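Visitor: I am new to this kind of picture. Could you show me how to read a few of its features?
Guide: Gladly; let us look together.

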Amino acid sequence: MTWIEVADSAVKIGLGALITGIIAFVLSTIQHRNDRKKAKVAREFEMLKEVAGKVETFNRVSLRYWANITDWRARSLLSGIYTKPEKLIDSQNALYDSFSELTEAESLLLLFGYEEASISLRLYGETVIAFKKRVDSTDLRFDADDAANYRESMINKRAELFKILNNIYKKI
């Protein structure tokens, strides 16, 4: 073997190893980037599921409160007795407690950078607060139409929030 043949073999082996190393590095980098993207999508999907669950918990509690308080208001007007029954007090306490669910959901949305969704969530909560303030005051007139309007408003705010969450889900 001449030195040219030895050099030729060394160059071929060296270039082959270099090309293999570069390809392995590029493939590893691409795989790592894809794994990170998959993990990010999974985290955001789980966050959306958690937010939706917290909103539904709050919604269930707020609609139960709506039903109990509007029934009590209607009965109170007829009977003139304004003592709140235990069932109403329980649903009122549950409503207070469930606001923490909304706060946690809003925090998650803000953490992931979804400001529009957090604003919509806040507006939904403020609609329920406005209803509670209005219905708690027995000095203010509150009839079945008022109750129906507040319920519709709460449902519409929730629907607006879920449209935004759905758009986020589609973009992930």
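Visitor: Which residues of helix 3 are buried?
Guide: Here is the general idea to start with: an α-helix has 3.6 residues a turn, so residues three or four places apart point the same way. In this predicted model, the buried residues of helix 3 include Ala 117, Leu 121, Tyr 124, Val 128, Phe 131 and Val 135. Ser 118, Ser 120, Gly 125, Thr 127 and Lys 132 are also on the buried list.

Visitor: What covers the buried residues of helix 3?
Guide: Among the parts that cover them are helix 1, helix 2 and helix 4. Helix 3 itself, residues 115–136, has 22 residues and spans 31 Å from first C-alpha to last, close to the expected 32 Å.

Visitor: How many aromatic pairs are there?
Guide: Ring centres within 6.5 Å of each other make a pair, and the count here is eight. Take Phe 58 and Tyr 124: their centres are 5.5 Å apart with 85° between the planes, an edge-to-face pair. This pair joins distant parts of the chain, since Phe 58 belongs to helix 1 and Tyr 124 to helix 3, 66 residues apart.

Visitor: Are Phe 58 and Tyr 124 buried or exposed?
Guide: Buried means under 20% relative accessible area. Phe 58 has 0% relative accessibility, so Phe 58 counts as buried. Tyr 124 is also at 0%, and therefore counts as buried.

Visitor: Why is the pair of Phe 131 and Tyr 150 tilted?
Guide: Planes under 30 degrees apart count as stacked, over 60 as edge-to-face, and the rest as tilted. The planes of Phe 131 and Tyr 150 stand at 55°, with ring centres 5.4 Å apart, so the pair is tilted. Phe 131 lies in helix 3 and Tyr 150 in helix 4, 19 residues apart in the chain. Phe 131 is buried, at a relative accessible area of 0%.

Visitor: Where does the charged end of Lys 84 sit?
Guide: It sits over the ring of Trp 72, 5.7 Å from the centre of that ring. Arg 151, in turn, lies over the face of Trp 66, 5.4 Å from the ring centre.

Visitor: Where is confidence lowest, and where is it highest?
Guide: Where pLDDT is low, the predicted coordinates should not be read in detail. Here the chain averages a pLDDT of 93, and 100% of the residues score at least 70. Helix 1 has the lowest mean, 93, and helix 2 the highest, 96.

Note on methods. Residues numbered from 1 in each chain as written. Predicted model: local features only at pLDDT ≥ 70, side-chain atom pairs only at ≥ 80, totals over all residues. Heavy atoms only, no water. pLDDT = per-residue confidence, 0-100. Helix = DSSP H or I, 4+ residues; strand = E, 2+ residues; numbered from the N terminus. Phe/Tyr/Trp six-rings, centres within 6.5 Å; stacked < 30°, edge-to-face > 60°. Buried < 20%, exposed > 50% of the residue type's maximum accessible area, 1.4 Å probe, protein only. Lys NZ or Arg CZ within 6 Å of the ring centre and 35° of its normal. Expected span 1.5 Å × (residues − 1). Contact = heavy atoms within 4.5 Å.
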